Amino acid sequence: QLVESGGGLVQAGGSLRLSCAVSRRAFGTAAVGWFRQAPKKERNFIGVITWEDGRPIYADSVKGRFTIARDNAKNTVYLQMNSLTPEDTAIYHCAASPFVRRDAGGYQYWGQGTQVTVSS
């Protein structure tokens, strides 16, 4: 139901834009969040946006570098990542929930993830 794309290898200081295509917008997918998980680390919240108001909420760790936006006509949510560092290397997932949540457990639907690797 959710499919991420846009990951890849980028040099430090570079940018990437990830996409999350949602097959169906419904109550259960009212909010779409982004998470990332580095090797041997827990899955961390990046940000979340709703289809209705489009105002994203971000984790403090990415404010000013990452931007979340949505295109309602395309049922797609984007994660624009700038000034990337090797510490941003992780698998990035989008997920959907009926409500705005920061905890991964609050999301019922998950994409398969896309790898982002930042080289130094």
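Start by selecting Ala69 and Tyr78: Ala69 stands opposite Tyr78 in strand 8. Before going on, note that this is a predicted model, where local features need pLDDT of at least 70, side-chain atom pairs count only at pLDDT 80 or more, and totals for chains, interfaces and linings use all residues. Residues are numbered from 1 along each chain as its sequence is written, and side-chain values use heavy atoms, with hydrogens and water left out.

Pick Cys20, and you'll find Val77 of strand 8 opposite. Cys20 also touches Trp34 and Cys94, among others (contact means heavy atoms within 4.5 Å).

How many residues of strand 8 are buried? Five of its six, with buried meaning under 20% relative accessible area (1.4 Å probe, protein chains only).

Then select Cys20, Trp34, Phe66, Val77, Leu79, Met81 and Tyr92, which touch the most other members of the 26-residue largest nonpolar core. Such a core is a set of buried Ala, Val, Leu, Ile, Met, Phe, Trp, Tyr and Cys residues joined through side-chain atoms within 4.5 Å.

Last stop: Ile46, in strand 5. Ile46 counts as buried because its relative accessibility is 0%. Its contacts include Trp34, Phe66, Leu79 and Tyr92.

Key. Buried < 20%, exposed > 50% of the residue type's maximum accessible area, 1.4 Å probe, protein only. Helix = DSSP H or I, 4+ residues; strand = E, 2+ residues; numbered from the N terminus. Pairing = 2+ DSSP bridges. Lists of a residue's contacts leave out its neighbours within four places in sequence.
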